[in-house]
Amino acid sequence: MTLQNKRLTEEEFLKQRQEILTHWPTGKDVDLQEAVDYLKKVPEHKNFAAKLRKASEEGITLAQPRAGVALVDEHIKLLQYLQNEGGADLLPNTIDSYTRQNRYNECQVGIEESIKENRSMLNGFPVVNHGVKNCRKVLEAVELPLQARHGTPDARLLTEIIHAGGWTSNEGGGISYNIPYAKSVSLEKTILDWQYCDRLTGMYEEMGVEINREPFGPLTGTLVPPSMSNAVAIIEGLLAAEQGVKNLTLGYGQCGNLVQDVAAIRTLVEQASEYFKTYGYDIELTTVFHQWMGGFPADESKAFGVISWGAATAALAGATKVIVKTPHEAMGIPTMEANAQGIKATKQVLNLLKGQRLTMSKELQAEMQLIKAETKCILDKVFELGKGDLAVGTVKAFETGVMDIPFAPSKYNAGKILPARDNNGAVRYLEFGNIPMSKDIKDFNRQLLEARAKTEGRDVSFQMVVDDIYAVGKGTLVGRPE
Ligand SMILES: CC[C@H]1O[C@@H](n2cnc3c(N)ncnc32)[C@H](O)[C@@H]1O
């Protein structure tokens with residue numbers, strides 16, 4: 001398959017499908033028509049796209065945790081607890097790391113060990129090994145829509161199984177589930193593989209089943225400048241739309257400065273809508289705001305402060321959905337109770353702020369214009385590199401460092417970009433690498449960092465980046481010198 005941003009033909013799709021469904025025995029239980037018939041019987045209140053639409057119309061922000069354990073019955077108990085005790089509005093199925101690397105044999109070992117040890121020996125739900133019937137068992141045990149949340153470069157079999165299993169949303173994308181999640185998986189391969197996943201979604205839509213797609217907004221979750229993360233989100237949205245996806249949630253990871261975060265969400269909606277219109281895609285667009293994805297304070301009370309700030313920002317931005325963190329974030333996988341506490345704290349704030357929005361101001365306007373201009377610089381270059389083909393342009397953009405994600409493990413990422421916070425905690429570009437920003441944008445970013453340097457009595461330097469990475473965990477937003 002040559003890479004191009006063009007809808008897969010049925011022949012190209014079915015040829016891949018035949019092979020993909022043999023990658024694990026559970027693939028043989030996937031039958032597209034039977035799956036459509038099952039999905040059409042899923043009640044509306046358990047359809048992810050429908051619930052997002054309702055929230056968007058009502059102007060409310062939904063709360064969704066992350067959660068996943070090795071065994072089906074324990075996973076069901078966990079999700080029921082997060083639904084009933086936590087008050088979650090949407091439910092996740094966080095998938096384990098072996099599944100994300102297509103290492104299903106090791107999942108099998110993890111499942112057996114979990115049974116033996118009577119505790120989860122995997123860091124998520126091994127959905128491919130559990131298969132369609134168990135996905136349906138999970139769906140039928142809860143009263144909320146289900147989504148797969150993972151980090152899978154090749155998610156073709158996973159996507160086939162989750163949707164046949166009645167789950168009506170899938171997170172991920174060819175960039176966002178490669179660059180932050182893999183070291184040596186080619187970007188061309190993951191874009192091709194995610195075109196398959198999006199084409200399958202498009203086929204369900206054409207057969208009358210609504211399926212939501214959610215590119216992974218936060219990327220490395222470490223000081224990613226809003227314009228870089230918005231550029232990735234818009235590209236993955238456009239690539240998905242070309243394959244027939246209709247219902248998209250574009251996302252963004254909280255940086256911490258209120259005006260910048262609200263500007264990022266508002267600009268994401270505006271700019272993505274402009275591109276969908278330009279390229280003739282009729283998309284139902286919603287947004288997801290991820291509570292702080294960087295280092296967390298170990299102290300649980302302080303962690304609740306970070307969680308609540310993320311909830312407040314999501315509400316004031318008017319995001320359709322907020323992804324919830326837990327007071328165990330600094331430790332690792334949360335207990336069921338801690339996970340529920342994160343949701344309850346979040347919903348308390350969402351309810352207190354219901355109907356409130358950050359009003360327009362000259363600062364907010366200026367930040368939106370800056371993010372829009374920076375994002376346009378990046379996307380214009382991507383289209384130019386691809387000679388109009390977005391998929392080809394994206395691969396070339398990463399090869400040349402035009403697109404560059406801070407602190408990404410992938411060897412296909414240039415890693416020349418360096419972000420740091422300005423004096424108000426907004427994330428700025430300290431080093432641009434080969435990112436093609438205009439001179440006035442570069443000067444403006446520099447100016448803001450110089451202002452911080454002056455306040456702190458030190459030079460703009462890499463030390464600022466290091467200080468900012470540890471700051472939130474140590475209790476501040478900006479990493480001031482000690
Ligand atoms: C994207 C990274 C986030 O996913 C969270 N996470 C990963 N696996 C699980 C899991 N199995 N249960 C709950 N939270 C999880 C992790 O704590 C981090 O906040």
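**A walk through the model**

Guide: Let us start with Thr278, which has its place in helix H11, the helix made of residues 258-278. Please keep in mind throughout that this is a predicted model.

Visitor: OK, is Thr278 buried or exposed?

Guide: Thr278 is exposed, because its relative accessible area is 59%, and a residue counts as exposed when that value is over 50%.

Visitor: What does the side chain of Thr278 reach?

Guide: The side chain of Thr278 reaches the backbone oxygen of Glu274, at 2.7 Å.

Visitor: And how far apart are Thr278 and Cys135 in space?

Guide: From C-alpha to C-alpha, Thr278 and Cys135 are 38 Å apart in space, while in sequence 143 residues separate the two.

Visitor: Let's change topic to the ligand. Which residues are around the ligand?

Guide: The residues around the ligand are Arg66, Ala67, Gly68, Thr94, Asn123, Met293, Lys325, Glu329, Ile333 and Pro334.

Visitor: Which atom of the ligand does Gly68 lie 3.0 Å from?

Guide: That is a nitrogen atom of the ligand, and on the protein side the atom is a backbone N or O of Gly68.

Visitor: How much of the ligand's area does the protein bury?

Guide: The ligand taken alone exposes 420 Å², and the protein buries 79% of that.

Visitor: Now the arginines. Where does Arg149 lie, and is it buried or exposed?

Guide: Arg149 lies in strand S3, which covers residues 146-149, and Arg149 is buried, because its relative accessible area is 3%, where the cut-off for buried is under 20%.

Visitor: Which side chains does the side chain of Arg149 make a polar contact with?

Guide: The side chain of Arg149 makes a polar contact with the side chain of Glu171 at 2.7 Å, and it also makes one with the side chain of Glu214 at 3.2 Å.

Visitor: And where is Arg156 found?

Guide: Arg156 is found in helix H8, residues 156-164, and with a relative accessibility of 8% Arg156 counts as buried. Setting aside neighbours within four places in sequence, Arg156 is in contact with Gln16, Ile20, Lys189, Asp193, Tyr196 and Cys197.

Visitor: In what sense do S5 and S6 pair, parallel or antiparallel?

Guide: S5 and S6 pair in the parallel sense, over 2 bridges, and Asn212 stands opposite Asn247 in S6.

Visitor: And how do S9 and S10 pair, parallel or antiparallel?

Guide: Strand S9, residues 418-421, pairs with S10 in the antiparallel sense over 4 bridges, and the bridge partner of Ala420 in S10 is Arg428. The hairpin of S9 and S10 has 5 residues between the strands, and there Gly425 takes a positive phi near 90°. Strand S10, residues 427-431, is largely enclosed by the rest of the structure, because 4 of its 5 residues are buried.

Visitor: Which residues other than glycine have a positive phi?

Guide: Asn118 is one of them, with a phi of about 55°, and Leu223 is one of them too, with a phi near 55°. Asn118 sits in the loop between helix H6 (104-117) and helix H7 (127-141) and is exposed, at a relative accessible area of 64%. Leu223 sits in the loop between strand S5 (212-214) and helix H10 (226-242), and at 3% relative accessibility Leu223 counts as buried.

Visitor: Last topic, the nonpolar core. Which residues touch the most other members of the largest one?

Guide: Val127, Trp167 and Tyr204 do, in a core of 79 residues. A second, separate core has 49 residues, including Ala241, Leu250, Ala272 and Leu379.

Conventions. Residues are numbered from 1 along each chain as its sequence is written. This is a predicted model: local features need pLDDT of at least 70, side-chain atom pairs count only at pLDDT 80 or more; totals for chains, interfaces and linings use all residues. Side-chain values use heavy atoms; hydrogens and water are left out. Buried means under 20% relative accessible area, exposed over 50%, partly exposed in between (1.4 Å probe, protein chains only). A nonpolar core is a set of buried Ala, Val, Leu, Ile, Met, Phe, Trp, Tyr and Cys residues joined through side-chain atoms within 4.5 Å. Contact means heavy atoms within 4.5 Å. Two strands pair if DSSP finds at least two bridges between them. A residue is near a molecule or strand if one of its heavy atoms lies within 4 Å of it. A polar contact is a pair of N or O atoms within 3.5 Å; within protein, one must be able to donate a hydrogen and the other to accept it, and residues adjacent in sequence count only if both atoms are side-chain atoms. Accessible areas come from the Shrake-Rupley method with a 1.4 Å probe; for residues, only the protein chains shown count as cover.
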